[in-house]
Amino acid sequence: MSTRKVGGEARACVGRAGAALALTLAVGGCGSGGPTPPDPVVGRWPIMGTFLEVRVWHADETRARTALDAAHGEVLRVDSLMSTYRPASELSRANRAAGTGRSTPLSPATAEVLAAALGYARLSDGALDVTVGPLVDVWGFYGEEGRLPPRPVLDSARALTGWRRLALSDSGDSVRLPRAGMRLDFGAIAKGYAVDRAVAALRVAGAERAMVDLGGNVGVLGAAPAGGAWRVGLRDPRNPSEALAVVAMEDGAVATSGDYERFFVADGVRYAHIVDPRTGVPVRGTASVSVLAASALASDALSTALYVLGPAEGACLAAAQGVEALWIRDPGPARRGGPPAIEPRHLVVTPGLEERLELRIGRSGGTPEVARCRRP
Ligand code: AMP
Ligand code: MG
């Protein structure tokens, strides 16, 4: 079995209809023409297993730098509370107490994210489940090598998952994990929350126009530097250094969940790091999902949930939550070498996104499908 780990991020590129901004970002092709806006002050830090990039456009550079530091500080704070890699984090403490009968007190921030996660778990019928960690582990996504777990191993892991098993205090400020081996993992939601906190910190620090990108979770503040809408490039899941499409957004956030971030290939089948908690098996058939929402937390949580649900089921959740989504179907294995090309026919978009999406792939190869909620 061949195994491959990819640490890439679903990073987006941001600009307006002016090439200068697009070129400051790793992904090219976010627009052309128009006046050249002023250069932003940029900060880039490794954190949460990815990179935090903050850009602030401000005439006063000192103020811009103060705002950058405030944004970085907020992401550090979220990481210190919610990382499962830091033994002193609240999540690590709660996880160590699993099966002991003890509850772990939670700060307001961690309690807020847990409450939001459980809300999305309910709304998505368990597609987003922050207790899914033991299942992610048995497939080896965070270990040295991916593997297909034998049935009994999968069944044991499933017995240690399930958001309904969590015991929260009435006020939600403490949590108990009833079984030893259960664990909380905010990998699908904490980055979005951190982006919201960073954007709020930028605003408080006096920034008026800024962009935060934390591993593909993008939040914007104010109007784009030269006015008008921000133009955000969405990665091509089979050619992740390129933008496959550009979306225009006035405010809010966009996040992408993709099968190219962590995956392995076994017997020609690609297994990626998002697991359907209802079956215990990595989701197949989808290469990536991008979600535009009012908050980064919502876009992060829902991009993972809609990845699990797929467009047929997910269209109703997207409509109910008032978000726009783009699913990109897995184009299958490469033919004649090279990566398989994503064509328009592989795209499924919610009705409101259709006219806001500017494709950067050839127009041949069918047309995008529109995902409509068909539930009566
Ligand atoms: P994201 O990139 O936001 O979609 O988050 C993916 C990460 O969340 C994975 O690397 C896992 O750690 C975790 N995860 C995988 N499947 C799920 C799921 N169904 N619900 C919640 N978290 C998940
Ligand atoms: Mg997510």
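This is a predicted model: local features need pLDDT of at least 70, side-chain atom pairs count only at pLDDT 80 or more; totals for chains, interfaces and linings use all residues.
Local features require pLDDT of at least 70 and side-chain atom pairs count only at pLDDT 80 or more, whereas totals for chains, interfaces and linings use all residues. Residues are numbered from 1 along each chain as its sequence is written, chains are lettered from A and ligands numbered from 1 in the order in which they are written, and side-chain values use heavy atoms, with hydrogens and water left out.

The magnesium ion (ligand 2) is coordinated at 2.0 to 2.4 Å by Ala188 (O), Asp300 (O), Asp300 (OD) and Thr304 (OG1). Donors are N, O and S atoms within 2.8 Å of the metal (3.2 Å for Na, K and Ca); water is not among the atoms, so sites may look incomplete. Along the sequence, the donor residues of this ion follow the spacing A-x111-D-x3-T. Helices (H or I, at least four residues) and strands (E, at least two) are DSSP runs, numbered from the N terminus.

Both alanine 188 and threonine 304 are buried. Buried means under 20% relative accessible area and exposed over 50%, with partly exposed in between (1.4 Å probe, protein chains only). Threonine 304 counts as buried because its relative accessible area is 10%. Not counting residues up to four places away in sequence, threonine 304 touches Leu128, Ala188, Ser257 and Ile274, where contact means heavy atoms within 4.5 Å.

Of its 42 lining residues, Tyr142, Asp185, Gly187, Ala188 and Lys191 are the closest to its centre. On a 1 Å grid over the protein atoms alone, a pocket is an open set of points where a 1.4 Å probe fits, with protein on both sides within 12 Å along at least five of seven lines; lining residues have an atom within 4 Å of a point. Helix 2 (61–82), helix 5 (133–138), helix 7, strand 11 (253–258) and helix 8 each supply at least two residues of the lining. Helix 8 gives the most, with 4 residues.

The largest nonpolar core has 77 residues, and those with the most contacts inside it are Val54, Met82, Leu114, Phe186, Leu202 and Leu306. A nonpolar core is a set of buried Ala, Val, Leu, Ile, Met, Phe, Trp, Tyr and Cys residues joined through side-chain atoms within 4.5 Å. Helix 8 provides the largest share of this core, 13 residues. A second, separate core of 25 residues includes Trp57, Val218, Ala224 and Ala245. In the largest core, leucine 114 is in contact with Leu106, Val130, Leu166, Leu168, Val175, Leu184 and Phe186, leaving aside its neighbours within four places in sequence.

Strand 5 and strand 6 run antiparallel and are joined by 2 bridges; two strands pair if DSSP finds at least two bridges between them. They belong to an open, antiparallel sheet of 3 strands in the order 4-6-5. Its edge strands, strand 4 (104–105) and strand 5 (167–168), each pair on one side only.

Elsewhere, strand 12 and strand 13 form a hairpin with 2 residues between them. The two strands run antiparallel and are joined by 4 bridges, with valine 265 opposite arginine 270. Aspartate 267, in the turn, has a positive phi of about 50 degrees although it is not a glycine. Aspartate 267 counts as exposed because its relative accessibility is 74%.

Methionine 48 likewise has a positive phi, near 55 degrees, and is found in the loop between strand 2 (41–47) and strand 3 (50–57). Methionine 48, however, counts as buried because its relative accessibility is 18%.
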